[in-house]
Amino acid sequence: VQIVVFLGVSFLTLLLVRPLAQRYVNDRKVATNADRAVGAEGVVTQAIDNRAAQGQVTVSGAVWTARSDSEEPIPEGTPVRVLRIEGVKLIVTSIKQA
């Protein structure tokens with residue numbers, strides 16, 4: 001009888017406490033400023049060539065590794081717009097193309 005009561009109370013307690021625990025544990029996300037780069041404009045500081053896996057842009061004073069969205073090379077000094085972030089790379093498009 002004690003085992004059945006223990007299992008019943010444990011299951012009931014789990015059902016009641018779980019939503020509270022999830023709310024406090026899962027909502028603690030670390031916010032980064034990387035989201036600010038999406039939609040921002042920057043300048044190519046190293047020519048972007050997806051085939052050679054190279055390219056860098058400066059966005060808001062920060063240097064990022066970048067790749068072209070259109071698979072076309074983008075020369076150094078070209079203004080670009082950030083479309084999205086994939087891993088640690090910015091996916092950009094030339095403002096002239098947009």
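**Notes on strands, core and salt bridges**

1. V57 has W64 in β3 as its bridge partner, and this should be read with the caution that the model is a predicted one. The pair belongs to an antiparallel arrangement in which strand β2 (residues 54–59) is joined to strand β3 (residues 62–68) by four bridges. The two strands make a hairpin with two residues between them, and S60, which sits in the turn, has a positive phi of about 55 degrees.

2. On the pairing of β3 with strand β5 (residues 89–94), the sense is parallel and four bridges are found; within this pairing, S68 has V92 in β5 as its bridge partner.

3. Strand β5 is also joined to β4, here in the antiparallel sense and through six bridges, with I85 standing opposite L90. These two strands again form a hairpin, with two residues between them, and G87 in the turn has a positive phi of about 70 degrees.

4. Which residues have the most contacts inside the largest nonpolar core? They are I48, V57, V59, L90 and V92, in a core that has 13 residues. Two or more residues of this core come from each of β1 (41–49), β2, β3, β4 (79–86) and β5. Strand β5 is mostly covered, since five of its six residues are buried, that is, under 20% relative accessible area.

5. L90 deserves a separate look: when its neighbours within four places in sequence are left aside, its contacts include V57 and V59, W64, T65, A66 and R67, as well as V82, R84 and I85. A37 is also among the residues that L90 contacts.

6. The structure holds three salt bridges. One of them is between R81 and E41, whose closest N and O atoms are 2.8 Å apart; this pair links distant parts of the chain, with R81 in strand β4 and E41 in strand β1, 40 residues apart. R81 counts as partly exposed, at 27% relative accessibility.

7. D69, R84 and E86 are linked in a network of salt bridges. The closest N and O atoms of D69 and R84 are 3.3 Å apart, and because D69 lies in the loop between β3 and β4 while R84 is in strand β4, the pair ties together parts that are 15 residues apart in sequence. The side chains of R84 and E86 meet at 2.8 Å, N to O. As for accessibility, D69 is partly exposed at 35%, R84 is partly exposed at 36%, and E86 is partly exposed at 43%.

Note on methods:
Residues numbered from 1 in each chain as written. Predicted model: local features only at pLDDT ≥ 70, side-chain atom pairs only at ≥ 80, totals over all residues. Heavy atoms only, no water. Pairing = 2+ DSSP bridges. Core = buried A, V, L, I, M, F, W, Y, C linked by side-chain atoms within 4.5 Å. Buried < 20%, exposed > 50% of the residue type's maximum accessible area, 1.4 Å probe, protein only. Contact = heavy atoms within 4.5 Å. Salt bridge = Lys/Arg side-chain N within 4 Å of Asp/Glu carboxyl O.
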